[in-house]
Amino acid sequence: MAGAATILLMIPAMASDDPPGMKAFKAGDYAKALKEWKPLADKGDANAQCNLGIMFEKGLGVDKDPGHAFQLFEASAEQGNAQAEYQLAQMYAKGWGVPQNYSSALLWTQKSAAAGDPDGENRMGWLYDEGYGVQKDPKQAAHYYRLAADKGNSDAQFSLGLAYEKGSGVRKDNAEAAKWLKLAAKQGNTKAQAELDSLQQKDQLTKK
């Protein structure tokens, strides 16, 4: 997951509506964002800790430091920050800044999803879809995908569209599939656009 565009999609989920430093971050002024967030993080502000964690994880305005990023995410997650819980889960799953631990990854993903973070909900959907760490359950997968999709998560919208197209965990419904694929495609999800094009072509052939 690279690039500022991806990061910008994450930040709102973990921070307040207009936190200090966000304007600078969105403008690419990472030095100013760091100046705003570090004092807050040092004082225990969970949002600032999570934001700084992403900067150190990705190397945005600072040297990339997965170990320090992990510490920041952990401190934030322990205060109940849902996006930090998701980030912590990802670090455990991939062994970034901490020894790989799938049990801990699942635990923090569940906490993130339970707290309503769309990234966490989407991840839980994927875990139920694939049967990783949990019993494979298409209905549960679709449930979590919908929770995240309703909040605008394009990956979840794409996966929910596929679920409706295939009838996986939900009743097969091409119109509903197209609806979610379109929403994902509008956000620049290229996989959703390709799937939507394919679905529309199939519908046209069926009508002939």
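Student: How far apart are Asp42 and Lys38 in helix 3?
Tutor: They are four residues apart in helix 3, which covers residues 30-42, so about one helical turn separates them. This is a predicted model.

Student: And what do their side chains form?
Tutor: The side chains of Asp42 and Lys38 meet in a salt bridge, at 2.9 Å from N to O.

Student: Is Asp42 buried or exposed?
Tutor: Asp42 is exposed, with a relative accessible area of 58%. Lys38 is partly exposed, at 42%.

Student: How many salt bridges turn up in the whole structure?
Tutor: A search of the whole structure finds five. Among them is the one between Lys58 and Glu57, where the closest N and O atoms are 3.6 Å apart.

Student: Is Lys58 buried or exposed?
Tutor: Lys58 counts as buried, with 18% relative accessibility. The cut-off for buried is under 20%. Glu57 is buried as well, with a relative accessible area of 9%.

Student: Which residue does Arg146 pair with?
Tutor: Arg146 forms a salt bridge with Glu176, and the closest N and O atoms are 3.8 Å apart. Arg146 lies in helix 9 and Glu176 in helix 11 (residues 174-186), so the pair ties together parts that are 30 residues apart in sequence.

Student: What joins Arg146, Glu176 and Lys179?
Tutor: Salt bridges that share partners join the three into one network.

Student: Switching to the fold. How many helices and strands are there in the chain?
Tutor: The chain has twelve helices and zero strands. From the N terminus on, the order of elements is α-α-α-α-α-α-α-α-α-α-α-α.

Student: What share of the chain counts as buried?
Tutor: Of its 208 residues, 46% count as buried.

Student: And what about contacts between residues at least 24 apart?
Tutor: Among contacts between residues at least 6 apart in sequence, 43% join residues at least 24 apart.

Student: Pockets next. How much space lies in the second largest pocket?
Tutor: About 210 Å³.

Student: Which residues lie nearest its centre?
Tutor: Tyr102, Ala105, Arg123, Leu127 and Tyr132 lie nearest the centre of the second largest pocket, out of 13 residues that line the pocket.

Student: Which helices each supply at least two residues of that lining?
Tutor: Helix 6 (82-94), helix 7 (102-114) and helix 8 (118-130) do.

Student: How do the lining residues divide into nonpolar, polar and charged?
Tutor: Eight are nonpolar, three are polar and two are charged.

Student: Now confidence. What does the chain average in pLDDT?
Tutor: The chain averages 90, and 88% of the residues score at least 70.

Student: Where is confidence lowest, and where highest?
Tutor: Confidence is lowest in helix 1 (residues 4-14), with a mean of 41, and highest in helix 9 (residues 138-150), at 98. Helix 9 is the one that holds Arg146.

Student: Over which residues does pLDDT stay under 50?
Tutor: It stays under 50 over residues 1-17. For that stretch the model has 32 contacts beyond four places in sequence.

Technical notes
Residues numbered from 1 in each chain as written. Predicted model: local features only at pLDDT ≥ 70, side-chain atom pairs only at ≥ 80, totals over all residues. Heavy atoms only, no water. 1 Å grid on protein atoms, 1.4 Å probe; cavity = no way out; pocket = protein on both sides within 12 Å on 5 of 7 lines; lining within 4 Å. Points joined across faces, edges and corners; volume = space filled by probe spheres on them. Nonpolar A, V, L, I, M, F, W, Y, C, P; charged D, E, K, R; others polar. pLDDT = per-residue confidence, 0-100. Contact = heavy atoms within 4.5 Å. Salt bridge = Lys/Arg side-chain N within 4 Å of Asp/Glu carboxyl O. Buried < 20%, exposed > 50% of the residue type's maximum accessible area, 1.4 Å probe, protein only.
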